[in-house]
Amino acid sequence: MHIVVIGGGVIGLSTALRLAEDGHRVVVHDPALGRGASWVAGGMLAPLSEGWPGEHELLRLGAASLARWPDFAGRLPGPSVFSATGSMTVALDSADASDLRTIAEWVGEQGHELEILGRAQVRELEPALAQNIRLGLLAPTELSVDNRALVAALEQGCLDAGVEFVATSIDAIPDADQVVLAAGSRCAALWPTLPVRPVKGEILRLRRRPSAAPPPSRTIRGTVHGRPVYLVPRGDGLVVGATQYESGEDTQVTVAGVRDLIADAERLMPSIGEYELYETAAGLRPMSPDGLPLIGRLADNVIVATGHGRNGILLAPITADAVAALISGEALPEAKAATPERFSDISSPQIDSSRIERTP
């Protein structure tokens with residue numbers, strides 16, 4: 001088939017690569033390949049430690065995608081895109097410690113491996129962390145990836161597989177055998193009934209100076225004054241994130257955002273003040289009303305893959321598999337919860353034929 005993928009972030013590139021591997025002619029449209037939310041992502045693959053009682057569907061979807069990651073990454077050209085193995089969520093007060101125990105019990109009941117750590121165990125595994133941390137939750141099977149290395153590997157993999165790239169934006173549904181909408185929150189401009197909105201997230205990139213303590217070997221997550229913060233190892237430093245704002249299309253980094261991220265990161269890792277702050281950035285995550293992505297068919301020739309929120313990189317492998325299954329006339333059972341049909345009237349975009357473009 002001739003398939004047009006609109007959006008060249010991690011979701012769009014992963015889908016394009018999978019479809020090209022299946023033998024289709026794939027064209028990706030994006031004016032700034034991989035420079036949206038994918039460029040400023042933390043790269044955490046952490047569906048287990050972020051689990052919460054009642055969120056069965058999100059846990060199942062995330063865990064199924066995490067299990068696909070080793071094979072998915074192994075098919076990419078170039079060096080490994082993984083930056084760390086294992087994650088640790090830490091508690092600074094009794095309320096957070098109680099939450100970690102709740103997560104460990106519930107996720108364990110779903111058949112996944114998590115381990116509660118005492119104060120001494122936390123310090124033994126990650127000596128750079130603060131001495132006043134009360135409790136830790138270890139997820140040894142979770143991973144993290146270098147998001148920018150991933151974008152580069154996916155782009156090269158697509159080129160090797162014969163994917164064509166067009167550096168233009170599209171403001172109407174193109175005429176092709178199949179169209180995949182994978183442009184994040186911008187998908188709503190093409191299909192107005194999509195319940196997807198942009199949520200701004202800011203991140204910091206830090207580089208270790210010779211005098212500074214080594215970064216943690218695992219991804220570290222915690223909550224400070226009700227604000228979630230994470231530290232993700234990245235080569236010679238760390239990625240610190242992430243704020244979350246309902247601010248429309250605004251992608252400016254704010255003083256308040258940088259201040260809060262630095263202050264919260266220091267609560268988890270006091271020596272972080274010795275690191276070099278060499279980049280601040282913000283991106284727009286595509287959020288759905290219920291926190292699950294939208295992966296499914298909107299029309300006979302239109303498939304959507306968006307609404308992944310903070311989990312775009314985590315869910316890239318299962319999204320690509322789900323879209324490939326839809327192209328072949330099937331449905332991926334593990335992605336059933338992500339069907340767009342759970343929202344009413346989503347298949348009625350009210351787009352007339354004048355908005356259909358011809359593409360080569």
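**View 1. Strand E2 sits mostly under cover.** Of the 5 residues in E2, 4 are buried; buried here means under 20% relative accessible area, exposed means over 50%, and partly exposed lies in between, using a 1.4 Å probe and protein chains only. Strands (E, at least two residues) and helices (H or I, at least four) are DSSP runs, numbered from the N terminus. Please keep in mind that this is a predicted model, where local features need pLDDT of at least 70, side-chain atom pairs count only at pLDDT 80 or more, and totals for chains, interfaces and linings use all residues. Residues are numbered from 1 along each chain as its sequence is written, and side-chain values use heavy atoms, with hydrogens and water left out.

**View 2. E2 has parallel partners in E1 and E7.** Strand E2 covers residues 25–29 and pairs with E7 over 3 bridges in the parallel sense; two strands pair if DSSP finds at least two bridges between them. Look for His29, whose bridge partner in E7 is Val166. E1 and E2 also run parallel, joined by 5 bridges, and here Ile3 stands opposite Val26 of E2.

**View 3. The open sheet is built from 6 strands.** Follow the order E7-E2-E1-E9-E16-E15 to trace this sheet, whose pairing is mixed. At the edges are strand E7 (164–166) and strand E15 (294–299), each pairing on one side only. On average, neighbouring strands are turned by 20 degrees against each other, direction ignored. Helix H1 lies across E1 (2–6), E2, E7, E9 (178–181) and E16 (302–306), and runs at about 165 degrees to E2. For such angles, axes are lines fitted to C-alpha atoms, for helices over the stretch in contact, and the angles run from 0 to 180 degrees between N-to-C directions.

**View 4. Helix H1 packs with helix H5.** The axes of H1 and H5 (residues 147–160) are 9 Å apart, at an angle of about 30 degrees. That makes the two helices, H1 and H5, roughly parallel: angles under 35 degrees count as roughly parallel, over 145 as roughly antiparallel, 65 to 115 as roughly perpendicular and the rest as oblique. H1 passes H5 in a left-handed crossing, a term used if the near helix is turned anticlockwise from the far one by less than a right angle, with right-handed used if clockwise. From H1, Val10, Leu13, Ser14, Ala16 and Leu17 meet Leu150, Val151, Leu154, Glu155, Gly157 and Cys158 of H5; contact means heavy atoms within 4.5 Å.

**View 5. Helix H1 also meets helix H8.** Here the axes of H1 (residues 10–21) and H8 (residues 316–327) come within 8 Å and cross at roughly 50 degrees. H1 and H8 are therefore oblique to each other, and their crossing is right-handed. Among the residues making the contact are Val10, Ile11 and Arg18 of H1, and Ala316, Asp321 and Ile327 of H8.

View 6. Most residues other than glycine have a negative phi, and most peptide bonds are trans. His225 is exposed, with a relative accessible area of 66%. A cis peptide bond, with omega about -15 degrees, joins Gly241 and Ala242.
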